[in-house]
Amino acid sequence: MLKSALALDEAANRKAKTKLTIEGVGMRFSEHGKSVDVLDSLRLEVSEGEFVCILGPSGCGKSTLLNIVGGFLKPTSGAVYIDGEQVDGPDPRRIFVFQERGVFPWLTVEGNVGFGLFNLPKKEKQERIAHYVKLVGLQGFEHSYPQELSGGMKQRLEVARALAVNPDMLFLDEPFGALDSITRLVMRGELLRIWEAERKTILFVTHDIEEAVQLADRVVVMSVRPAQIRRIVEVEIPHPRDISSPRYLKLRDSIFDEIGLAHQV
Amino acid sequence: MKRWESLFWPALVAATGLTVWALGVRLTHTSIFPSPVSVYRGLVELVSKGLLWRYIADSLFRVGSGFGLALVTGVPLGIVLGYYPVAFKTINPVIQIMRPISPLAWIPLSIVWFGVGNLAAVFLIFLAAFFPLVMATINGVRNIPEIYLRAGHNFGLSPAAVLSRVMFPAALPQILIGLRISLGVAWLVVVAAEMIAVDSGLGYLIIDSRNAGKRYDLVVAGMLLIGVIGLGLDTAIARLDRLNFIRRGKSL
Amino acid sequence: MENKDASVVRVEGKHVLGSQRTEASASAIRLRMNAAKYAIAPIAFIALLIMIWQVAADHQAVAILPGPWAVAKGITELALNGLLLKYMVASLFRVTWGFLGAAILAIPFGLFLGWNRRAGAAFGPLIQIFRPISPLAWIPISILWFGVGDLAAFFLIFVASFLPLTLGAMSAVSRIDMVHLNAGRNFGLSKIQLVYRVLYPAVMPQLIVSLRITLGISWLVVVAAEMIAVNSGLGFLIIDARNAGNRYDLIVGAMLMIGLIGLFFDTAMRRLEKLPSVRWGYGRN
């Protein structure tokens, strides 16, 4: 089942340019003589401009995978290639969006958004900051500190900060996890709006099946530890997606089944 | 960092320190400042004269008394001030003014009140240990989450039971931190108090060794003893900390 | 779904702003009223204590200890003959230079020890042994090396401040959230940029607390040092006033001044903790 899914995958992607390649990546953590295999020979290709969700239960290693792709961890086997170059450390061309606590509390909204722009001349820097503050809907709060903002606003600030340096790729690690479910729905819409405006390649880690199906072009369903790719689900529904439509529900249910969850609570 | 390294590096630093010390003494041809060896010999001398243990015991006794007094007066006061905001707002400014006054500045007054001797020294230690303990207890009580107290009342506990079964355990981590700081301060001050107000103990040893014959080897020996014993006291109380945490569980 | 999102966002933004504004003005008024009300209680308490003090002083068997009025007169006397100012300046001078000197060396040292695990392990035990040694235990050595005078006082304050500040800096580094360091690296900061654009602002709140506490310690020590090792300053005043005629009114007056100056330092440092670029570091919001 895995083989056919991958083959379908590759055929579809042959048209778009490959941005990211995960090649046989495995990760083993050793402590006090005991070792745990968290990831096991993962292979994945992501095309430019794609929105890919990595879906799995908590603790299955998807955050570890994202950290490896982002260059914050070195895999114990295999390698990751972006634009053909091997990843060996963090890089401003691919920005990691943590949950809202990644925002720098000692800087204002302006300070945060402009954080990565230290090489720009003053005028251009200010224009960029203004543009991205507006894009995420934080106008009026330029001089506020993160502690004065709500959780959703802090999350948007972090996205603005990431976008301001114009990266090729964005990695988001359960960014909406700390928000209430209403704000989460709003934020998903915001993220899609921004993605359609700027067309970055996005890798989004989540444990929420609905979220994955609402957002992604492709959903990579992970197994439990040692994590492997169980299945890759293509979501070929154009945005805006109707979350009541039969097509959406069918895809969602197929993932429910894949993971083995009942349809009734 | 490997296990052997956590022993190696400090040992290296210590060895380097001792070497620099010994060389410094030799190269500057100082006749007064002691070398590591002479400090060691001084310690041996104190032991053989039977003075060492007596001095240590005296200092520990004074610390114990002053600290104990601060404990039985400071913790209850702290609980009261922490729980009743009105009491706090009234009394706190006085505490804040008294707190920065060095215990040693109290020496003349304490001599007038208690004469020269153990009592004066214990009073100074009490003063030094009192304030940090009160402040930490106040903090501990103030930071008790409201929900714990509500749960206590919800289950029908009497005020005394709320105090002993909810408030005290909840404030305990902070109080223990206060105890640790307080004991450290008490140890600092006992040494200083002895330099002035009594005639035995480690602080006395330091001053007396210098005044009665420039025995700097004993001065430095005394300092090192103070350091090591102080570290021992601190470690002991830190262990207490760990025990309680494991048993009662820190707040979430 | 998109339009709905936009309006929710706008509504959310306005809602927060609007409520913030009315909340702010309402609570400001409440604060001012409360401040007035609450100032009465401590002032009344202090007044009560002073009265008790006066009564106790008047009814002493032997008239040694001064009442509040005598102390006030004593302070005025010192202010008038210039000694109060002279001694205050001397004490403040010593504290400032000893403390600053220690801070300039101890903070980078402590940051380094906190950052580099091997260095921290190497110096840890040595620090733990020296920490409990009272600065006053250093007096014989300081007199040996520097004689009696300002230099000895600086040395003592330096010794008293150095280790607490080092430990404070080490502790501050250990509390840095890795997320911020990772974000810094992600944006392409060099090692040096990482230090002063992420590490330094991230440790600031803890450093300021450490500075405040150590300044308090310095103030305690300078007074004690002056009682023993120098010939001027508020600490010396206490000893001198006793030796030259049992002037307990001056002694208590000096103690009061010491307390007030110490309180002033503490309050000023706490103000620093309210700065917005640092305020985030203290407790829950």
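**Entry 1**

I looked up R101(A) and found it partly exposed, at a relative accessible area of 46% (buried is under 20% relative accessible area, exposed over 50%, partly exposed in between, with a 1.4 Å probe and protein chains only). The model is predicted: local features need pLDDT of at least 70, side-chain atom pairs count only at pLDDT 80 or more, and totals for chains, interfaces and linings use all residues. Residues are numbered from 1 along each chain as its sequence is written, chains are lettered from A and ligands numbered from 1 in the order in which they are written, and side-chain values use heavy atoms, with hydrogens and water left out.

Which residue forms a salt bridge with R101(A)? I found D177(C), with the closest N and O atoms 3.5 Å apart (a salt bridge is a side-chain nitrogen of Lys or Arg within 4 Å of a carboxyl oxygen of Asp or Glu). D177(C) is partly exposed too, at 29% relative accessible area. The pair joins two chains, because D177(C) lies in the loop between α6 and α7 (178-186) of chain C and R101(A) in the loop between β6 (94-97) and α3 (109-113) of chain A. Helices (H or I, at least four residues) and strands (E, at least two) are DSSP runs, numbered from the N terminus.

I also noted a network in which salt bridges that share partners join R99(B), R212(C), D266(C), R270(C) and E273(C).

**Entry 2: salt bridges in chain A**

I counted 36 salt bridges over all chains. One of them pairs D168(A) with K19(A), at 3.3 Å from N to O. I placed D168(A) in the loop between α5 (151-164) and β7 (169-173) of chain A and K19(A) in strand β1 (residues 18-31) of chain A, so this pair links distant parts of the chain, 149 residues apart. K19(A) is buried at 6% relative accessible area, whereas D168(A) is partly exposed at 32%.

I then checked E85(A) and R93(A), whose side chains meet in a salt bridge of 3.8 Å, N to O. E85(A) is partly exposed at 46% relative accessible area, and R93(A) is partly exposed at 36%.

**Entry 3: chain C**

I read chain C as 11 helices and zero strands. Of its 285 residues, 45% are buried. Contact means heavy atoms within 4.5 Å. Among contacts in chain C between residues at least 6 apart in sequence, I found that 72% join residues at least 24 apart.

**Entry 4: α4(C) against α6(C)**

At what angle do helix α4 (residues 117-130) and helix α6 (residues 150-174) of chain C pack? I noted about 135°, with the axes 11 Å apart. Axes are lines fitted to C-alpha atoms, for helices over the stretch in contact, and angles run from 0 to 180 degrees between N-to-C directions. The two helices are therefore oblique to each other (under 35 degrees is roughly parallel, over 145 roughly antiparallel, 65 to 115 roughly perpendicular, the rest oblique).

From α4(C), I127(C), Q128(C) and F130(C) make the contact; from α6(C), L163(C), T166(C), L167(C) and M170(C) do. I sorted these residues into five nonpolar, two polar and no charged (Ala, Val, Leu, Ile, Met, Phe, Trp, Tyr, Cys and Pro count as nonpolar, Asp, Glu, Lys and Arg as charged, and the others, Gly among them, as polar).

**Entry 5: chain pairs**

Which of the two pairs of chains in contact share the most contacts? I found chains B and C. No contact joins chain A and chain B, and their closest C-alpha atoms lie 11 Å apart.
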